[in-house]
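Here's a quick briefing to read alongside the model. Grab a viewer and follow along.

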Amino acid sequence: MPHHRRLPSEVDINKSVNWINSPGVWVWYISLIVAVWLLTSALMNDPGLAWTYVHLIHGVTTYYLLHWTKGSMSPGDPTEQGMYDRLTVWEQMDSQIYGTSNRKFFTVVPIALFVLATHGADFRKQPLGLNLVVVLVLLIAKMPALHKVRIFGINQY
Amino acid sequence: MAKGSGGARASPGLALAAVAALAAVLLVSRAPQPEVLQQLKDSFMQEDLAAVREFLRHPTLAKARAGAVEFWEIIGPGGRLHPGWFLEHKGHIVIEGLLMVIIVVMLLQSRFYPRTTEDEDALTDKEIDALCQEWEPQPLVPDISEEDYRPEPPLVQSREGSCYEVLVNGQPALNLACADFLGLGNDADVQRRARETVERYGVGSCGPRGFYGTFDVHLELEKALAQFMGQEEAIIYSYDISTIASVIPAFASRQDILVLDEGVSYPIQQGAKLSRARVHWFKHNDMASLEALLQRIEEDERRERAPLCRKMIVVEGVYAKSGDVAPLQQLYSLKEAYRYRLCVEESHAFGVMGERGRGACEAAGLEPGQVEVVVASMGTSLASVGGFCVGHHEVCDHQRLCGQGYCFSASLPPYLATAATEALAILEGSRGQQLAEQVRRTAAALRQQLDGTPGLTFPGGPSSSSSSSSKDSSSVESPVLHLQLTPALAAAAGSRKAADMLLQGVADRLLTKHGLLLAVPRYSALDHVLPPPSLKLYVHAGLSADKVPKVVAAIREAVKHVLGPLVKGN
């Protein structure tokens, strides 16, 4: 249902997240994941199972960085004056609009990693339940229904 | 990320280290070497080992272990409920199909604002249509309602000699609505100096302080003010009511807390609004209410684990809307206890209150520097235009870039700066000190002699009921006197307009019959708390000791004439 609100301005002044709209960020992100996969598969000699580790590391890291840490990346800068102190990075992204291509990309990446992890190695060798839990937690955290929702008041302030 | 917020106060670096450790554990998840195990076993004391074995043989623990083993036999690989069957028979396709469906649905979504709980009462389309149907255009400037209408104020046509003798509506009168407390606007030296400055620099300064608008006379005035107030530095603004409205936003922003007295004047309220800070109000001059408020704020902060923010209390030395003095000693001890800054606006106290005329802070016994920010107008005792702020070097230096009125307004015209410097020199000298002393004594005498006029009450009087007056005798010396209607009379009058009209009647009678010009103050509709309707009288150097009995008699007569019938009726 369309909301009768003003359209957001084209310029996002939120310095914590407007770099995500720069060109090349998606490629950089994917290459980061691929680089970590190369490293782990070199250390373990099992490229298939390495995807599981990449998926888990990616899950934990992105959960912390996107859905746990709140506020501005430059707390001394007076431009925002604490406007975003209660919002996680995921909520601040794209001027708090959902359904943008950025958000779609960042939602598809954990799913793609999950598929790679489950297909990479025989399901008897890998912690399948853990993979599933991680991808479900990430998907639920990115849902618009959980915008500004803090379950049991965890991480509210 | 904002440090100190969130339950886990780990920095990203620490988190990455933890992730690295986890990865290391996963990668190196092999059982320890047998030699290592042997070493561990040997290093244990034999008694400890026996105690541990005894603990492990505990019956409850054994039962728990048996239960866990049974559970794993069912759920784990090979068990009845293990997802193995599901997976053996290509069950993974179901999960992947589900994920594909989720991806496709998501990719087909368009952009939207998420619905938060605050949106619950957004209007539906039908309601919006209905509202649009009913809408009728209103005039841009609505007519003044009867209730807001007030008659024209008296027109001062000319000065006759001193600024205190004026011609109003064709009638000579003593101007008791003039805030030039020491009469320095009349002073020949001040006027001569101003004339000389006009001949030297012209009239305007043609620029803000940061762009060719700083003259040596500005720096001279700032130095003189700082030296007079015993502070490190001073900064001057070119418009007196925008001084405090610039100082407050310079020291408070969206994340900060401001605590304001309810009786502060409109410029202070505007400054607080402009700062976007969270504003809290406490009852006028009520220290108990202030302390309760400060405690409540502290508790809220502790509960929310909010990051440290700036906190400031803003009061006036002598309140322009009520004429009483703030209990500054108690305020000082409270602000020290709760670690707040204090900002005191001394426009109506500067030049009058205190031993040397430094203001209400000095009168309350505070040392210079104990109050962080002191602001005053130069339009009162200094008989000039503009305002100033004194304080530590950091306080003033910060305002040179963050004081909006300083950076973005033209600087004070040089002749007004020299006039103020000259007036300050006079104030510092013996004549100024005598005048200040005289004003204080006159104010006290006036209050004492007007006390008990039927129908009138005023804050700061000997018999007034303000909560701080018992301890603070300096309220009787304040040069701003508001003659308010007693509550009974105000109630009898009915509306505020009726009360104002009554007081206007008193003022008119005082003007026509007794040659005294007093004002009925008019307040903005946006004012936070309106004071009771009053007649305002400024005590100044033109009200010499011999004139006091005449003024008192005049006021009593006018009050009796206009308000008498109402008072008797009660």
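Ser31(A) comes out as partly exposed, because its relative accessible area of 37% falls between the 20% and 50% cut-offs. Keep in mind that this is a predicted model, so the confidence figures further down are worth a look.

**Helix H1 of chain A**
- Ser31(A) sits in helix H1 of chain A, and Trp28(A) is in that helix too, which covers residues 25-44.
- A polar atom of the Ser31(A) side chain is 3.0 Å from the backbone oxygen of Trp28(A).
- Trp28(A) is partly exposed as well, at 44% relative accessible area.
- Trp28(A) also belongs to a nonpolar surface patch, together with Trp19(A), Leu32(A) and Met73(A).

**The His482(B)–Ser534(B) pair**
- Over in chain B, His482(B) is part of strand E12, residues 480-485, while Ser534(B) is part of strand E14, residues 534-538.
- His482(B) is buried, since its relative accessibility is 1% and the cut-off is under 20%.
- Ser534(B) is buried too, with a relative accessible area of 2%.
- The two side chains make a polar contact with each other at 2.8 Å.

**Who else is around them**
- Leaving out residues up to four places away in sequence, His482(B) touches a list that includes Lys321(B), Ser322(B), Gly323(B), Thr457(B), Phe458(B) and Pro459(B).
- From strand E14, Leu535(B) and Lys536(B) are also among the residues His482(B) touches.
- With that sequence exclusion, Ser534(B) touches Leu483(B), Gln484(B), Leu503(B) and Val520(B), among others.
- Pro521(B) and Tyr523(B) turn up in the contacts of Ser534(B) and in those of His482(B).

- For the complex, the predictor reports an ipTM of 0.76 and a pTM of 0.75.
- Chain B has a mean pLDDT of 87, with 89% of its residues at 70 or more.
- Residues 1-10 of chain B stay under 50 in pLDDT, and the model gives them 25 contacts beyond four places in sequence.
- Residues 465-471 of chain B are below 50 as well, with seven contacts beyond near neighbours in sequence.

Key:
Residues numbered from 1 in each chain as written. Chains lettered and ligands numbered in written order. Predicted model: local features only at pLDDT ≥ 70, side-chain atom pairs only at ≥ 80, totals over all residues. Heavy atoms only, no water. Helix = DSSP H or I, 4+ residues; strand = E, 2+ residues; numbered from the N terminus. Buried < 20%, exposed > 50% of the residue type's maximum accessible area, 1.4 Å probe, protein only. Contact = heavy atoms within 4.5 Å. pLDDT = per-residue confidence, 0-100. Patch = residues over 30% accessible without salt bridge, like charges linked within 9 Å, V, L, I, M, F, W, Y side chains within 5 Å. Areas by Shrake-Rupley, 256 points an atom, 1.4 Å probe, with all protein chains shown as cover. Salt bridge = Lys/Arg side-chain N within 4 Å of Asp/Glu carboxyl O. Polar contact = N/O pair within 3.5 Å; in protein donor to acceptor, adjacent residues only side chain to side chain.
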